[in-house]
Amino acid sequence: MSNHDNTRPSGLSDSPSRSPNMWLPIILASIILMVTMGIRQTVGLFVHPIIETTAMSIAEVSMALAIGQLMWGAFQPLFGAWADKKGALPVLIVGAVLIAMGQIGTLWASSFVPLTLAQGLFSPAGAAAGSFSVLIGIVASRLPTDKGSVASGLINAGGSMGQFIFAPLVQALVSLRGMSSGLLFLACSALVTIIPSWLLCRNGKIAKPHHSAVPVQNPQVEIGLKQQIKAAFRNPSYLLLHAGFLTCGFHVAFLTTHLPGEVSLCGHDASVSAVSLSLIGLCNIAGSIFAGILGKRFQMKYILAVLYASRALMIAIYLMSPKTELTFYIFAAATGLTWLATVPPTAGIVGKLFGTRYLATLFGFTLFTHQIGAFFGAWLGGLAMQYEGNLLWVWYADIALALLAAVVNLPIKERSEVVSLRAAS
């Protein structure tokens, strides 16, 4: 199950002189993702406060957040293409401002439409601009190819650290000072990311990638973005990767949005939700880094298959267990090991198939598919709570989708395909 591939994008240097500088962009990208994902992954903590302070139902709030999940994915390839073409700094700055606008807008959201604008458009659009696809696109162009998987894991771990830090902090602010304090804290945190964004991108012109998007017959020829996108969507392995990642989005958004409601149904305090979400983030740090390291030793499709199958097993064990506080903590810790650990191998496969020139755009498309699944995870969970009073059938759907994802990843072929300009046009 070796993962080594003799075919590599031309122009990507493995020069040792670049290695000493590899940690700075990784650290800066991790800090940015820590904030953007910390904000995104704690949105479920505001569901019940919003319901209590407005006349909206759980179904309406869930729909607004579900639209936000979809929009977060829809903006990924758009911002990725903008970053690939024009540079990442304007993208990251616009993203920070949009996230802040979304949090502030939520303060005045007393009905479905303004809440959808705030948490269904502005905030997710901003988070998409500061997402993994844009950040790994910046970092990957500055690193040797063999460091890409590890870098992906480390940056992804930064996002998990955000969930670990933000969940208990936001819950404490909401409990002590009200929902407005939590939202204002998130808005200010988003604006602070402009500083590491500038530091990350200030040498962007020097570090601009010159390697080709896909290994072509003539290594001196670089195909364009539109041609690369067409070539990608004709690749069966890329499409299978999308199918598996869709189920990942369902799982993550369902738990992010409705785990606090599940905890409440079982008679536990809101602090249990915050600790559970924090444990997911903490354990995903280890899971993401470990997945990135394994990507250097094993074929990434097998890593993905194991991650997805283990989710089905963990949910089944949870459903059969007594719903004590300890059960939630154990489930959260176990789930955290696989939470976003799927991202490094997924991005790694995209990079192996098509190179890193347009990685932000191509991985942005896979994240859009991920968020289509996320839309249904957030929305259907709300419908189940509204009309059934529990989440049981959504848990069963999550198990089935996780098993499906494990199966569809197995036929993926992890190798760069030689394409010609004519074939891609």
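Reader: What is the mean pLDDT of the protein?

Author: pLDDT is the predictor's confidence in each residue, from 0 to 100. Its mean for the protein is 82, and 85% of the residues reach 70 or more. Residues are numbered from 1 along each chain as its sequence is written. In this predicted model, local features need pLDDT of at least 70 and side-chain atom pairs count only at pLDDT 80 or more, whereas totals for chains, interfaces and linings use all residues; side-chain values use heavy atoms, with hydrogens and water left out.

Reader: Over which residues does pLDDT stay under 50?

Author: Residues 1-20 and residues 418-425 are stretches of this kind.

Reader: At what angle do the axes of helix 1 and helix 6 cross?

Author: Two packed helices are described by the angle between their axes and the distance between the axes. Helices are DSSP runs (H or I, at least four residues), numbered from the N terminus. Axes are lines fitted to C-alpha atoms over the stretch in contact, with angles from 0 to 180 degrees between N-to-C directions. Those of helix 1 (residues 23-40) and helix 6 (residues 132-140) come within 10 Å and cross at roughly 170 degrees. Helix 1 is therefore roughly antiparallel to helix 6 (over 145 degrees).

Reader: Which residues make the contact?

Author: With contact meaning heavy atoms within 4.5 Å, helix 1 contributes P25, I26, A29, I32 and L33, and helix 6 contributes F132, L135 and V139.

Reader: Is helix 6 buried or exposed?

Author: Nine of its nine residues are buried, so helix 6 is largely enclosed by the rest of the structure (buried: under 20% relative accessible area, 1.4 Å probe, protein chains only).

Definitions and conventions. Helices (H or I, at least four residues) and strands (E, at least two) are DSSP runs, numbered from the N terminus. Angles under 35 degrees count as roughly parallel, over 145 as roughly antiparallel, 65 to 115 as roughly perpendicular and the rest as oblique. Buried means under 20% relative accessible area, exposed over 50%, partly exposed in between (1.4 Å probe, protein chains only).
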